[in-house]
Amino acid sequence: MKRYSAFAIAREAFRQHSGWARAWASPEPRNHYDIVIVGAGGHGLATAYYLGKRFGLTNIAVIEKGWLGGGNTGRNTTIIRSNYLQDPSAALYEKSRALYETLSQDLNYNIMFSPRGVMMLAQTEAEKRGYLRTERANALQGVDTRFIQPSEVQRLVPIINIHGPRYPVLGALWQERAGTARHDAVAWGLARACSAMGMHVIEQCAVTGVESANGAVSAVNTTRGRITCGKLGIVVAGHSGALADMAGFRLPIESVALQALVSEPIKPCMDVVVMANTVHGYLSQSDKGEMVIGGGADGFNNYTQRGSWHHVEETVRALVETFPMLSRLKMLRQWGGIVDMTGDRSPILSKTPLENCFINCGWGTGGFKATPGSGWAMAELMAKGHSPLTDAFSLNRFREGRFIDESVAAGVAH
Amino acid sequence: MLALTCPCCGVTAEETEFAPGGEAHLTRSGPGSSDSAYEAYMFQRKNPRGVHFERWRHAYGCGKWFIAARDTMTLEVFGTYPAQTTEPPAEIVRTIRAHRPDWTPAQEGAA
């Protein structure tokens with residue numbers, strides 16, 4: 001792998017940029033790998049990356065049904081934060097946020113991490129009490145958040161109307177070190193780093209079946225042939241149920257469409273991320289100037305990757321009240337992604353009933369922020385059999401009633 | 001946007017008039033059942049890609065529960081029927097088979 005640097009740009013400038021190599025290779029799949037990861041989204045690639053970086057395991061294939069980062073990795077609203085309520089969540093998400101800070105340097109790939117600050121608006125008394133509670137929990141967990149007053153919200157976000165008739169702004173939970181990153185770049189940078197370590201990233205390769213012998217996974221059948229493997233990691237977000245079905249177990253997961261939309265690009269007007277959970281909307285401005293708006297999830301199972309029109313209407317209607325200037329904007333694009341929802345709105349990083357088969361799913365509406373942390377922890381789980389970061393997130397927690405209830409802390413936006 | 005017909009009052013309306021209630025035809029487990037059966041009943045779901053049976057309530061209408069058979073990949077609705085049954089009626093199964101020849105009701109075994 002040729003390193004990217006200022007010197008490399010200067011060198012290429014003198015030869016019409018003819019020397020840039022492909023960022024990652026597209027090899028033909030081999031018959032066997034020590035570890036196969038299904039799903040080349042952010043989490044799958046991060047799992048492979050940390051298996052190589054932390055544990056020196058590189059005989060790994062990451063196989064992907066579509067194209068790299070074309071699922072939820074390329075469909076989210078790129079928010080990174082770690083202001084969760086429960087201790088296991090805070091540990092995992094804070095680890096992830098911390099890894100994001102140096103991920104560009106680690107990968108030698110600019111992921112455009114922008115710690116611009118994330119603000120979660122309190123627009124009802126109940127929400128205000130909830131965020132005061134989260135602020136105190138975060139203080140004990142070592143996560144840097146504070147509750148700010150409406151005047152400070154107005155100072156940080158000049159375009160906000162804090163005196164809305166239905167939902168006035170009563171304050172906000174403010175995490176200054178949270179922010180956004182370029183979602184595609186996270187997938188591309190991880191794929192490049194994995195490829196450089198000798199791993200195979202194989203696109204256009206759908207899994208059609210999982211084979212087992214003596215209760216342990218032995219191979220996966222794919223559209224590009226049978227691949228035997230020592231260990232299997234399933235990291236496929238919304239389609240986890242289908243993969244689990246092939247592996248012979250069921251998950252406490254239901255898949256729904258979550259959608260987002262962006263406006264036409266405008267001049268810079270808001271340099272923080274604002275989440276308004278009461279009205280199911282969140283807003284940030286991209287580097288291109290588009291206002292990026294995340295909306296609500298469908299209430300019923302579906303795999304359509306488009307979302308329902310009335311959720312767009314609800315989200316925009318509510319946001320216009322809090323941000324009156326949005327009423328003059330045209331919306332450019334709308335899209336949906338399939339999110340895997342668990343009952344307690346916390347992820348599953350776990351062994352499965354099938355020996356040597358591991359699953360990482362259930363991130364629901366908030367997986368992007370967890371990408372490096374999820375990979376870090378999942379790699380440890382797959383290499384060593386357990387990880388202090390994943391132990392609380394096992395599949396058994398449903399059977400045993402040890403929920404990590406984040407639905408209260410998260411509302412819908414996540 | 002789904003358009004559903006309530007089999008209880010006969011009204012056809014958009015999905016905003018109804019409230020989704022999750023997977024239908026679950027086998028209830030209660031006191032005395034095994035941990036596995038209870039876990040399956042409480043949490044584990046088929047979450048199919050394709051034909052799905054789902055509970056809905058006509059929340060802004062007659063208020064009654066009913067069941068819709070639809071495809072989660074295409075949002076096509078095959079039909080709706082009252083909730084007082086433990087398996088899809090034969091007429092619904094025929095309609096689904098006409099549209100999805102590969103599908104068999106055997107796949108819909110009790111959860």
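Tutor: Two residues are in contact if their C-beta atoms, placed from the backbone, lie within 7 Å. Helices (H or I, at least four residues) and strands (E, at least two) are DSSP runs, numbered from the N terminus. The model is predicted: local features need pLDDT of at least 70, side-chain atom pairs count only at pLDDT 80 or more, and totals for chains, interfaces and linings use all residues. Residues are numbered from 1 along each chain as its sequence is written, and chains are lettered from A and ligands numbered from 1 in the order in which they are written.

Student: How many residues of chain B are in contact with chain A?

Tutor: On chain B, 16 residues are in contact with 20 residues of chain A. Look at α1 (35-42) and β4 (51-57) of chain B; each supplies at least two residues of the side that touches chain A.

Student: How do the residues on that side of chain B divide by type?

Tutor: Ala, Val, Leu, Ile, Met, Phe, Trp, Tyr, Cys and Pro count as nonpolar, Asp, Glu, Lys and Arg as charged, and the others, Gly among them, as polar. The side of chain B that touches chain A has five nonpolar, five polar and six charged residues.

Student: Which strands form the open sheet in chain B, and in what order?

Tutor: Strands of a sheet pair through backbone hydrogen bonds, either parallel or antiparallel. Two strands pair here if DSSP finds at least two bridges between them. In chain B, four strands form an open sheet in the order β3-β4-β5-β6, with antiparallel pairing. Its edge strands are β3 (19-23) and β6 (77-82) of chain B, each pairing on one side only. From one strand to the next, the twist averages 30°.

Student: How many bridges join β4(B) to β5(B)?

Tutor: Seven bridges join β4(B) to β5 (65-71) of chain B, and the two run antiparallel. B:Phe53 has B:Ala69 in β5(B) as its bridge partner.

Student: Which strands does helix α2 of chain B lie across?

Tutor: Axes are lines fitted to C-alpha atoms, for helices over the stretch in contact, and angles run from 0 to 180 degrees between N-to-C directions. Helix α2 (90-99) of chain B lies across β4, β5 and β6 of chain B, at about 175° to β6(B).

Student: What are the domains of chain A?

Tutor: Domain bounds come from an automatic or database domain assignment. For chain A, the assignment gives domain 1 (27-109 + 183-253 + 344-410) and domain 2 (118-179 + 255-342). Their C-alpha centres lie 27 Å apart. Between them, 32 residues of domain 1 are in contact with 30 residues of domain 2.

Student: Which element gives the most to the domain 1 side of that contact?

Tutor: α3(A) gives the most, with four residues. The elements that give two or more residues to this side are β3 (79-80), α3 (87-107), α7 (240-247) and α11 (407-410) of chain A. By type, the domain 1 side has twelve nonpolar, 13 polar and seven charged residues.

Student: What is the strand order of the eight-stranded open sheet in chain A?

Tutor: The order is β5-β6-β4-β13-β14-β15-β12-β16 of chain A, with mixed pairing. β5 (146-148) and β16 (331-342) of chain A are the edge strands. Neighbouring strands are turned by 25° against each other on average, direction ignored. Within the sheet, β14 (281-285) and β15 (290-297) of chain A pair in the antiparallel sense over four bridges. A:Ser284 stands opposite A:Val292 in β15(A). Helix α8 (309-322) of chain A packs on the sheet, and its direction makes about 125° with that of β15(A).

Student: At what angle do the axes of α3(A) and α9(A) cross?

Tutor: The axes of α3(A) and α9 (371-384) of chain A come within 6 Å and cross at roughly 110°. Angles under 35 degrees count as roughly parallel, over 145 as roughly antiparallel, 65 to 115 as roughly perpendicular and the rest as oblique. α3(A) and α9(A) are therefore roughly perpendicular to each other. Their contact includes A:Tyr93 and A:Leu99 of α3(A) and A:Trp376 of α9(A). Its residues divide into eight nonpolar, four polar and one charged.

Student: At what angle do α2(A) and α6(A) pack?

Tutor: α2 (42-55) and α6 (183-196) of chain A pack at about 35°, with their axes 9 Å apart. Among the residues that meet are A:Leu45 and A:Ala48 of α2(A) and A:Leu190 of α6(A). This contact has ten nonpolar, two polar and no charged residues.
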